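Hi there,

Here is the structure I promised to pass on. My notes on it follow below.

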Amino acid sequence: MPAEPPTVQQQAVPLHDERPVHPPEAVHPEEAAPAAPLHPAAAVHPEEAAPAAPLHHEEAVHPEGSAEFHAHAYDPHTELHPEAGHHDAGHHEYVEHGYAEHGYADNAAYAGHHEDEAHHVYDDADVYPPAEHHEHHADEPGHPLMAGASSVGVAPAKSKKVRRRRRWLALLLTLAVFVTALVVGAQFLKPLLGADTIADYPGPGAGEVNVSVEPGEGTRSVATKLQDQKVVANADTFLRELTASGGTIAPGQFQFRQEMKNSDAVAVLLGKGEGKVMYFALSAGLRIGESLQAISQGSGIPVAELKALSDSPAQFGLPEKAKNLEGYLAPGEHRFPVGTPAKEILQKLVTVTTDELKAQGVTDPAKQYDVVTVASIVQAEGGQAEYGDVAGAIYNRLKPNNTETAGLIQSDATVTYGLGIKSFHIDEAQKADKSNPYNTYANQGLPVGPIGSPGKNAIDAAAKPKANEYMYWVTINLDTKETKFSKTLAEHNVYVEQYNTWCAANAGRCT
């Protein structure tokens, strides 16, 4: 039941926290005691107000029973401003026990419940219990304060529009982050998914790329080779083009350009273009018969046709003492268009060798022949790291004033060449056979011609030998090609024993 209503001079008493407190009814201004204006930010001190009659928690004060209460707590001619209100302990308790606990936080419910009593339309903002004390200022419009009384303070909540804007902003930010993550992730995934790979090059391409197709090699392997070497843009689209052509790939060497159209690359593989080539590789040190055989296998030209041309070396610019093209068929990988004549192929190989001799300052054909002969011995006798010293030792032996070896080169490789065999050992009878024109144990000076095809490094060493005083050399390890040099026969024999020791430890290698 309601307690005795407070007088105008008294503060509003705290409300009971167990019963709902209804918003006060509007009170006519004439019925309310005149309100004494307060200085801005001035709070009413408890000493100046009549002491409020305390209520017990068992009781609830019903504000509707007191007009005086309405005069102090609510002004019907002033719209309730959400930020207005001066709070002291008593009023704070009012809000806690009245508004917060009894569910009057929403002014919409508040207005609906007292529509007939208050006859007041509230703002759209929600009203919540105050979180902190606020002070009224006398200069705030529409917020008069009454003398000896304090108004009930309420703290504003965020408006619905503000909350909606914040929710939309949060949603937009989340979407922006998500879209950004998708865009960035796509950039990383594109190479993995092949999105950056184009289907075909516009062609016609440029440069030169040689690709070998091995017997039995599948089309997928070939297509991958072509893509890896940038001949075609995409192995899959190339395979579709190849399949659509209905053709099959034959083994061989093919010459392409980089960045070709798929259709053009297919034409090369199927022999419909100019890309299919004849290919062969010559190793350094091969003898003339071995070289001609390799050329025949790669080009399809019969060995007999090649040998007939080789046995007439003058037509290739060699001097009269040359019996064939031995020593002049340049080592390396060679490619020629299909149908290239045999003579043209051999001429190209000879030209590679003579061009290297000219680059080293050897221009006379007769002198070139001698240098190629020395180079062929250097190629057969030493390791690549020792080519210069081997060439220097050979020229030392050829000097007229040489008394150590009396002008004899004494190369096992030359003797075995003349015998038509390949071996690391020759006996004393073979060394003494002067009928062998390549026997440098029995015949002074250079052999009658080269004993194989020297490579570029051997030719360079023979053209410009390293100056030294060595007369002997021996390779003591056939795997590493380590070669030992000496000035005297006694020192040389020590190294020969090292070679024999290696041969004993590596059975079957020194035959």
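**What I found**

Lysine 481 is partly exposed, with a relative accessible area of 39%; that label covers the range between buried, under 20%, and exposed, over 50%, for a 1.4 Å probe and protein chains only. Its place is in the loop between S7 and S8, where helices (H or I, at least four residues) and strands (E, at least two) are DSSP runs numbered from the N terminus. Phi of lysine 481 is near 65 degrees, a positive value in a residue other than glycine.

Before going further, a word on the basis: this is a predicted model, in which local features need pLDDT of at least 70 and side-chain atom pairs count only at pLDDT 80 or more, while totals for chains, interfaces and linings use all residues. Residues are numbered from 1 along each chain as its sequence is written, and side-chain values use heavy atoms, with hydrogens and water left out.

**Other backbone points**

Glutamine 410 also has a positive phi, near 60 degrees. This residue lies in the loop between helix H13 (387–397) and helix H14 (412–419) and is partly exposed at 28% relative accessible area.

The peptide bond from glycine 203 to proline 204 is cis, with omega near 0 degrees. Glycine 203 is in the loop between helix H5 (160–193) and strand S3 (206–213), and proline 204 lies in that loop between H5 and S3 too. With 27% relative accessibility, glycine 203 counts as partly exposed. Leaving aside residues up to four places away in sequence, glycine 203 touches Glu259, Met260 and Lys261, a contact being heavy atoms within 4.5 Å. From glycine 203 to alanine 265 the C-alpha distance is 9.9 Å, although the two are 62 residues apart in sequence.

**Helix H6**

Which residues of helix H6 (residues 219–228) are buried? They are Val222, Ala223 and Leu226. These three cover an arc of only 100 degrees around the axis, which puts them on the same side of H6; the arc is taken over the directions from the helix axis to the C-beta atoms. As a reminder, an α-helix has 3.6 residues a turn, so residues three or four places apart point the same way. The cover over the buried residues of H6 includes S3, helix H7 (235–245), strand S4 (252–258) and helix H8 (262–269). After H6 comes lysine 230, with a positive phi near 60 degrees.

**Rings**

There are 5 aromatic pairs in the structure. Rings of Phe, Tyr and Trp (its six-membered ring) pair if their centres lie within 6.5 Å, and planes under 30 degrees apart count as stacked, over 60 as edge-to-face and the rest as tilted. One of the pairs is phenylalanine 254 with phenylalanine 256, tilted because the planes are at 40 degrees, with centres 6.5 Å apart. Both of these residues, phenylalanine 254 and phenylalanine 256, are buried.

Tyrosine 470 and phenylalanine 485 make a stacked pair, 5.2 Å centre to centre and 20 degrees between the planes. Tyrosine 470 is in the loop between H16 and strand S7 (472–477) and phenylalanine 485 is in strand S8 (residues 482–486), so this pair ties together parts 15 residues apart in sequence. Tyrosine 470 is partly exposed at 26% relative accessible area, whereas phenylalanine 485 is buried at 12%.

Happy browsing!
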